Amino acid sequence: MYASVALLGLPYATFSYTLPPEFSDTFWKSGLRVAVPLGRGQQAALRAAVLLDTCSESDIPDGVAQKELCWPLESAPLISRDLLALACDLSRRQGLFPGQVLGHVLPHGLRQTRVRLHLIESGQAEVWTLQQLRDAPSGERARLAQALCDQKARMLPVASDPASSEVCLLTQDPPWPVRPSAKRQIQMLDHLHQHGPSNRRLLLRQLGQSLAPALKSLQAAGLVRLAHAEKEDDFPDDAGQNLLPPPPAPVVLNADQQNALQSLLDFLAADDAASVLLFGVTGSGKTAVYMELAKACMARGQSLLLLAPEVALAHKLRRDAACSLPHAPLFFYHGYQPPARREKIFRQLAERQEACIVVGTRSALFLPVPHLACIVLDEEHDSSFKQEENLPYHAKEVAWFRTLQARGLLVLGSATPDLKTFHAAENGRLPVVHLPQRISGRALPPVELVDIASAAASAASRESLLAPESEDALRATLTKGEQAIVLLNRRGYAPVMYCLDCHRPARCPHCEIGLTYHKGLEKLVCHYCGFTLPFPSPCGECGSANFLPMGEGTERLAEHLSTLSGGRPVLRLDRDSTRRPGRMEEILASFARGEAPILVGTQMLSKGHHFPEVTLAIIADGDLGLNLPDYRAAERTFQLLVQSSGRAGRGEKPGQVLIQTRDVRHYCWQYVRTADYEGFYRTELERRSRYRYPPFVHLGLLRISHDMHDARGAAALHELAALLRKHAGTLGVQMLGPAPAPLALLRGRRRFACLLKGKHWQAMRDLHLFAQAQKPARSLRLFLDLDPITML
């Protein structure tokens, strides 16, 4: 017998092996993780792989010897047939190996071969490593294989030493009280701040054993603590709901919500897969409908998967689910959890036979949820549902594939749907369920535009991004004892550090992107590749240290607003302030309890959150994303601002929204002011039709890059471009470019982009495959992004 297996690590290829004779043919099932030898010689390294299929014949040419699969990593498959089919489908659509898909979506521990066989027989325990099993005599192997098949033996993770079972966690946000000369302590703090909780063994391996004394010093100072990797309560991630305010009173659905729920239940009861758009204004109670839908699924013995685009919103949905269904089994999963936690949840769900509720971000789509019947994508328009690097996929496409497998229901919820989603609904390809009014019956808060073009000089002189009108409204809100949210989708203290001597901004040497100053970290940071410099540092151009901070990020804005808050704290919610485990929940809980009057943040706080005491929402720079070189720029700005506006006036008190802009005449604003989604949709659709953009054409982006020091790169690019232009026409694909990407240098690579337009996705895939097969492509890196979310 022969097995086809998908490697879970580089090169991610699919190989064929012979099956070991010690196991019966019926033991080998698709989805089983196995250890296979890879490399030359009898002692080739053992690598983790997933068994795709078995057959009695092999297509290997005569005279070529096949290696034998070493040993199974488990006695029963952890990866279900449905997940395996999903991985194979995604690999075909993206032109990848199945192993490349599985290698990116499985928890880290499931991609390793560090297991052992544990057998207790005749009162004696035996422990066998994979290396020992490979070298054992055939008789011993047969005995152990039979014990594994009879479930008398188990495959267990390798016994961990204390260092590998302990996780290091930060206890405090920067700035940290350490001496500037304590370089090793600072290095460790920076690593933990950037990468989150880290295994102690791996941490010291990455940074060097010489940092062990620094770790002990940080523990003694209380800046770092150790936690057991396996213990749930050691991570505030899942204990965070204890920080939240008391749960709201039970919700009674209004007539619109009841009608929407009944429509969704009718689709769920049908014996066929269905996808539905739940189109409701902000504050209309979509979450309450999700919760009732979850109750209905559990009553039918079926599972529901509830997805949010960002971790902050996922936490809120998880809390809502825990309050609405207090006795339902609830699992929470996202990419920022420690690897041991993610592996544990995956194993629990793989072994589970009963229905459950799973809340998470897009990566939860690849969990083996039992009896899955319904998937909900809240804020379906959000670009975070698209993954573009390493393994490109869109959560909506993956969710629909899983819905087809389960013959279930996919619910796409939004107040500002993706334009293509609404176009499909308008043309009868997607049913729509409406929630036209806010639960409270109140109208959406009035939206006013604040022209900061004329106020720019006065604002700059006061070193504040907020115009006088905005600051006056903020003071009035605080005087009444109410709360305000200020949105600025730009983190850090100062986006640009300008050298006054050579008149150039500080730039990343690997990306040619301006470095952002982070005051708490006392560093200049590249937000694209992570490159950092301590600040102050001499200018890379002239050696001067005479810098002027220009612009304003969330950190600097929060610092300025603290002067207006009367001594009360100003909270900040962005990627930098929420790196420490549990910190996100602390910030949201503190603001919900009224401990701070102002919350400053990026788009993380623009959607989903319900703060009844917030009566003022200020969008500090409404133009920030409006003029990006991206055909979706206006759509994204409209969605972000309407969602942000919906944070105000959600309680009994009326709300107010101020949007600061330098171009009050832009066509987008007339629709934002009235939250007129359908009016914006009509205008934007006409523009898309005129310039041939989706939904009127399929769009692809072929990204091409070469090393910035590669002298051959430019010539190879020119040669490949000529071949592509000729071949694109034969495939019916319009190709524009290659042209330098808006981010022309990123992580040390020169980047170019070819914009592809056509009627069929397959033609673009064929063009990509053609490009990969050409000789010039050997010195280039090619990446095809179908239906790109960002053009950068």
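Predicted model: local features only at pLDDT ≥ 70, side-chain atom pairs only at ≥ 80, totals over all residues.
**Exercise 1**

Find the order of the strands in the open sheet of 4 strands, and state which strands stand at the edges.

Solution. Start with the order, which is S33-S34-S32-S35, with antiparallel pairing. Next, look at the two ends of that order: strand S33 (734-746) and strand S35 (781-786) each have a single partner strand, so one side of each is left without a neighbour in the sheet. From one strand to the next, the twist averages 25°.

**Exercise 2**

Work out how strand S32 is joined to strand S34, and which helices pack on this sheet.

Solution. Strand S32 covers residues 698-707 and strand S34 residues 749-758; they run antiparallel and are joined by 10 bridges. To follow one of these, take Leu702, whose bridge partner in S34 is Cys754. Then turn to the helices. Helix H22 (residues 713-731) lies across S32, S33, S34 and S35, and runs at about 150° to S33. Helix H23 (residues 761-773) touches S32, S34 and S35, and its direction makes about 175° with that of S35.

**Exercise 3**

Describe the open sheet of 6 strands: its order, its edges and its helices.

Solution. The order is S21-S31-S30-S22-S29-S28, and the pairing is parallel. The edges are held by strand S21 (447-451) and strand S28 (570-573); each has a single partner strand, so one side of each lacks a neighbour in the sheet. The twist here averages 20° from one strand to the next.

Inside the order, 4 bridges join strand S22 (residues 483-487) to strand S29 (residues 598-601), and the two run parallel. Ala484 has Ile598 as its bridge partner in S29. Helix H16 (residues 468-479) packs on the sheet, touching S21, S22, S29, strand S30 (614-619) and strand S31 (656-661), with its direction at about 160° to that of S30. Helix H18 (residues 583-592) lies across S22, S28, S29 and S30, at about 140° to S28.

**Exercise 4**

Determine which residues of helix H7 are buried and which exposed residues lie on the face turned away from them.

Solution. Helix H7 spans residues 212-220, and Ala214, Leu215 and Leu218 in it are buried. These residues cover an arc of only 100° around the axis, which puts them on the same side of H7. In general, an α-helix has 3.6 residues a turn, so residues three or four places apart point the same way. The face turned away from the buried side carries the exposed residues Pro213, Lys216 and Ala220. Just after H7 comes Gly222, with a positive phi of about 80°.

Terms used. Residues numbered from 1 in each chain as written. Heavy atoms only, no water. Pairing = 2+ DSSP bridges. Axes fitted to C-alpha atoms, helices over the stretch in contact; angles between N-to-C directions. Contact = heavy atoms within 4.5 Å. Buried < 20%, exposed > 50% of the residue type's maximum accessible area, 1.4 Å probe, protein only. Arc of directions from axis to C-beta.
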